Amino acid sequence: MINNFVYQIYPRSFNDTTGNGIGDINGIIEKLSYIKDLGADYIWITPFFVSPQNDNGYDIANYLEIDPLFGTMSNFDTLVEECKKYGLKIMLDMVLNHTSTEHEWFKKAMSGDKEYQDFYFFQDDKVNWESKFGGNAFEYVEEFNKYYLHLFDKTQADLNWENEKVRAEIYNVVNFWLDKGVEGLRFDVINLISKKHPFVNSESIGKEQYTDGPRVHEFLKELNKNTFGKKEVLTVGEMSSTDITNCKKYANSNMEELSTVFHFHHLKVDYKDGDKWTRDFFDFKMLKELFKDWQEAFCEADVNDSLFWSNHDQPRIASRFVKAKTEAEQLRKNKMLAASMYLMRGVSFIFQGEEIGMLNCDYTSINDFSDVESINYYNLLTDPDKLEIIKEKSRDNSRTPMQWDNSLNSGFTTGKPWLKVNSNYETINVGVEKNDPNSTLSFYKELIKFKKENMTLVSGNIKFIDHEELLIYTRSSNDDSYTVVSNYFDHEVKYEYNNVIMSNFDANSTTIPSFGFVVIKN
Ligand code: TEU
């Protein structure tokens, strides 16, 4: 089992050193000691490659160059050197399911070059699949009277992995970055790369035609062999709407495909009837069942799971599920969520700002938002409460500037931030929390250290114990064993316990307060 903590950086919102309102590579370099001090082993940096930024860099126009918005290749080389000094490894984000329509391959295709048209899916008719960002997934090109597939924005054209030449180009891209000293790779929506052919209309929105598709495991094995396979590289595949059977293959213990996977079912337990664009709903029973099913299955198959509550696509976890009513409750909730998640079995991923308990943004108008998905859905939704729904669910919630201190713009930039800073930055920030032993930040440091030093919590077995109101699991190896008990609700629960070695309240052996947790040594 891999004993690693990965700290995820969304560079445009992390730290700006030029005053243009957008974070940059030098800004990351400035904060390496902060990240090291937190206890991380890796930094995962979301895409900083050349891009028109329609999807904030997940629409790549040139995989081998850095967008001037974020700096230069020489800045990146310095980052590699500096990371070595701190003993941190770099994980880059490979977006290989699609390219920007500004990519030279797509431009050649549009100029009529048949070879490059085969890099994508150009076809005579469209089918009824829906784009993940709303609307039909096919865009009409008048010049050749054809449609091309885009599972995301219409400026993100899906690559044709069936074409060997595409796969060869992709291996070049991955090897280029490995040769530069990268030791980790996150693969964006990698389980969507193999589509069933020919495309046919779907009875729903098309997912079953391209999710965990027919050749996906073969493609991943080939990618592994031709790129990172023979090196010490931590790889994580982002899996959209996947299942346990496929994930056990993606992250199988023979390391033929990837080291671990991101799966998202536990972050949909507040989607009413599976619909993201709803609010005020939390299915605790479903959360418990999901943790049990996935964790126990991965443990049994000796597969590395990944542990995470947040990323750049998710609302802030501190604002999700049952709401905290007071500051004290919020603090307890932040700590409970962290302990409950990161003491499970897997590689841990912490998204910038989670470690200080950053909350959802407090925007008042749709004009405050920037994310393409949020704006598309604002236009598509008919609910009169749609601004409230967007406020709760928007990806911009996690993308507001990092809150470093209580100076202008939370210390993120001296210029105008590309996205508004959350107005709570004067109380929720690194500067305040690093000096407070009781803060969320201090707790994250303590928790990371605790997990790292305790092999039972890293690689021991996991078993869930059913309880109506609490989430309870046991971690054990040989004669060492711990029980972690978490209360996800805003009321006290009766529960008897002893031998507490960690908690977020004055443990009394009979009750767990709202948002309380205990770690018991058995
Ligand atoms: O996300 C994949 C994805 O499907 C989602 O997380 C998506 O943002 C969400 O379901 C929308 O409701 C990855 C990246 O993490 C994301 O930022 C990109 O926009 C997307 O792929 C396309 O590259």
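The model itself is predicted.

With those terms, take serine 310. Serine 310 sits in the loop that joins strand 14 (306-307) to helix 11 (327-342). Is serine 310 buried or exposed? Its relative accessible area is 4%, and the cut-off for buried is under 20%, so serine 310 counts as buried. Glutamate 354 is 44 residues away from serine 310 in sequence, while the C-alpha to C-alpha distance between serine 310 and glutamate 354 is 7.5 Å.

Now the ligand. Where does the ligand sit? It is in the largest pocket. The ligand is surrounded by 16 residues, and the closest of these are Asp55, Asp188, Asp313, Glu373 and Arg395. By class, the shell around the ligand has 9 charged, 3 polar and 4 nonpolar residues.

In the side chain of aspartate 188, an N or O atom is 2.8 Å from an oxygen atom of the ligand. For histidine 98, the distance from a side-chain N or O atom to a ligand oxygen is 2.9 Å. Arginine 186 has a polar side-chain atom 3.1 Å from an oxygen atom of the ligand. As for cover, the ligand on its own has 490 Å² of accessible area, and the protein covers 89% of that.

Conventions: Residues are numbered from 1 along each chain as its sequence is written. This is a predicted model: local features need pLDDT of at least 70, side-chain atom pairs count only at pLDDT 80 or more; totals for chains, interfaces and linings use all residues. Side-chain values use heavy atoms; hydrogens and water are left out. A residue is near a molecule or strand if one of its heavy atoms lies within 4 Å of it. A polar contact is a pair of N or O atoms within 3.5 Å; within protein, one must be able to donate a hydrogen and the other to accept it, and residues adjacent in sequence count only if both atoms are side-chain atoms. Accessible areas come from the Shrake-Rupley method with a 1.4 Å probe; for residues, only the protein chains shown count as cover. On a 1 Å grid over the protein atoms alone, a cavity is a set of points where a 1.4 Å probe fits but cannot get out, and a pocket is an open set with protein on both sides within 12 Å along at least five of seven lines; lining residues have an atom within 4 Å of a point. A molecule sits in a cavity or pocket if more than half of its atoms lie within 2 Å of its grid points. Ala, Val, Leu, Ile, Met, Phe, Trp, Tyr, Cys and Pro count as nonpolar, Asp, Glu, Lys and Arg as charged, and the others, Gly among them, as polar. Helices (H or I, at least four residues) and strands (E, at least two) are DSSP runs, numbered from the N terminus. Buried means under 20% relative accessible area, exposed over 50%, partly exposed in between (1.4 Å probe, protein chains only).
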